[in-house]
Amino acid sequence: MAEDSIAVVDLDRCQPDRCNYECANFCPPNRTGEECIVTRDERHEDDDLYEGGPDQISISEELCLGESCGICVEKCPFDAIEIINLPQELDDEPVHRYGENAFALYGLPAPEEGQVTGILGPNGIGKTTAIHILAGEMRPNLGEFNQEPDWDTILDEYRGTGLQNYLEDLRDDDVTVARKPQYVDQIPDQFDGKTRELLERTDERGALDDLVERFGIEAVLDQDIDSISGGELQRVAMTATLAREADFYFLDEITPYLDIGQRVTAARIIRELAEEEDRSMLVVEHDLAILDLLADNIHLAYGSPGAFGIITPPKSVRNGINEYLSGYLENENMRIRQDAIEFEEHAPRTVTSGQVVAEYPELTKSYGDGEFSLEAEAGQIHEGEVLGVVGPNGIGKSTFAQLLAGRLDPDTGEVDAELDISYKPQYIEIDQHMRVDAFLRSITDDFGSSYWKTEIAQPLQLERVMEQNLTDLSGGERQRVAIAACLSKDADLYLLDEPSAHLDVEQRVLATDAIRRYTEIHDATALVIDHDIYMIDLLADRLLVFDGEPAQHGHASAPKGMREGMNEFLANLDVTFRRDERTSRPRVNKPGSQLDRQQKKDGEYYYTD
């Protein structure tokens, strides 16, 4: 193979018992008598340590003709093979490769003392692998997956770079680290007990009480860890991590399940810890507004998810995010996306109201004396619009959605019982042992049609998960399948509760496009609850704003125009946004900055013209 190509075999998809080895039979080198594609048993008959089943295929990267051939890719009936050209500018060997024909990571971020370093890139591109390496949880193998190199070899590779001193300290156990895991919903599987017990184990700096108060988790301290919500788990995980005494803190996705106010609070705490106590932070994040607010510099990660990932040298935060959105990396002279992610250059769009799809009176719902209660003003939802729903966690947004969906009965008021609603819940619990394609086929007769593939399956990137079992899907894969299931039903109103959760930036934009295109093509109506301001900005025509006292009582306004609604919402949070001059993307103003003060004085929390 050309030196700038790699071969990747997805062992979860390679099913030799269901094919005739078309990849090997049609491989040009094989047809000349060379052993380019053989079974793993044939390649490793004297090696018991290779990964994969003995009948699954192995591709020799030395003999393969590269992406210009691609015959095996086309012939594989299970889409299990990728032959990929690496960027010509990539001269380095991999930092780590997981095995033969497996994922390869190139480049590592360099954590800076006393700074917050961000990492931005798609899911499956190696960001978490980089964190595991820098946290000392795995040793980089420099592409030699058959044997782990010793530290002297690793240090020789990084001698003279910004990582040399850090890796030397890591080898000598002279650096302490604390890491917040990506998937906080797995914490109850690893710890059984009260929240307080978990946190007290981590209080090494004497900062626990202050962090508990600032993150607002006092109410859950005496609750069992498996009984608290996703947002509470996220704040508990950050509290536990930041309470530790460490030289470097690695925070893998801090915003899932958090509302915008909680996200801004988390960003401020992280920044203060870096600035005032000279702590070093490395943060992986998909919420660009929050990443922009908290980071001092940023590394971009690009490549082919599941196949290879490349981490760039550090960039300024503004330029890095703008390059990422444009899809073109200037210093690397690399196009990483065909189309730029674009935002409206003007003030929020003006909406022409269509026919009324749903009209509801004032609604109230109480869960009992001393429990949460919700009051919702009367309102109308129009045909063909996307109505964004914003507000803090625990304020009644999901309760309102369930009232509209008929899953809850209001105490006063009545929702149109004839309204046909398709509902994607906030928390996706899948216990059905069936394949994705069978699940989606059971929902719609359009499954497999050219329209369904083009408008739903392709934008949501479902092709590679169709043959997987629902219970085996990752959080992001479950989210995309759930969005597809919601949009595949015939309904008067589509309710999507937090569709951005676990999705990376590209996936959020594609999901946004899928929802908007569906409403436009079918003149359908959608109500979308989300905390990602970028997604709401791209998606919504009008806003439904919730305020009140979280976990006690909530109030829902009647639907408002975007500017009026966002001004009300952001004023409640004491946060102002501006648009980037180059890309028109939303950016959070630094608290107390001149622009922040001026916008608050003018009452314009949501951009200035």
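This is a predicted model: local features need pLDDT of at least 70, side-chain atom pairs count only at pLDDT 80 or more; totals for chains, interfaces and linings use all residues.
Trainee: What makes a space a cavity, and what makes it a pocket?

Mentor: On a 1 Å grid over the protein atoms alone, a cavity is a set of points where a 1.4 Å probe fits but cannot get out, whereas a pocket is an open set with protein on both sides within 12 Å along at least five of seven lines; lining residues have an atom within 4 Å of a point. The points are joined across faces, edges and corners, and the volume is the space filled by probe spheres set on them.

Trainee: Why is the largest cavity said to lie between domain 2 and domain 3?

Mentor: The largest cavity lies between them because domain 2 and domain 3 both give residues to its lining. Helix 19 (505-522) and helix 20 (533-539) are the elements that give two or more residues to that lining, and helix 19 gives the most, with four; helices here are DSSP runs of H or I with at least four residues, numbered from the N terminus. The lining divides into nine nonpolar, two polar and two charged residues, where Ala, Val, Leu, Ile, Met, Phe, Trp, Tyr, Cys and Pro count as nonpolar, Asp, Glu, Lys and Arg as charged, and the others, Gly among them, as polar.

Trainee: Where does the second largest pocket lie, and why?

Mentor: Domain 2 and domain 3 both give residues to the lining of the second largest pocket, so this pocket also lies between them. Its volume is about 1100 Å³, and among its 36 lining residues S229, E232, N393, G394 and I395 lie nearest its centre. Helix 15 provides the largest share of this lining, four residues.

Trainee: What makes helix 10 roughly antiparallel to helix 12?

Mentor: The axes of helix 10 and helix 12 come within 10 Å and cross at roughly 150°, where axes are lines fitted to C-alpha atoms, for helices over the stretch in contact, and angles run from 0 to 180 degrees between N-to-C directions. Angles under 35 degrees count as roughly parallel, over 145 as roughly antiparallel, 65 to 115 as roughly perpendicular and the rest as oblique, so helix 10 is roughly antiparallel to helix 12. In their contact, which means heavy atoms within 4.5 Å, L211, R214 and F215 of helix 10 meet T265, A266, I269 and E272 of helix 12.

Trainee: Why are helix 18 and helix 19 called roughly parallel?

Mentor: The axes of helix 18 (residues 475-488) and helix 19 cross at roughly 0° and come within 11 Å, and the two helices are therefore roughly parallel to each other. Here R480, I483 and L487 of helix 18 touch Q507, A511, A514, I515 and Y518 of helix 19, and the residues of this contact divide into six nonpolar, one polar and one charged.

Methods
Residues are numbered from 1 along each chain as its sequence is written. Side-chain values use heavy atoms; hydrogens and water are left out. Domain bounds come from an automatic or database domain assignment.
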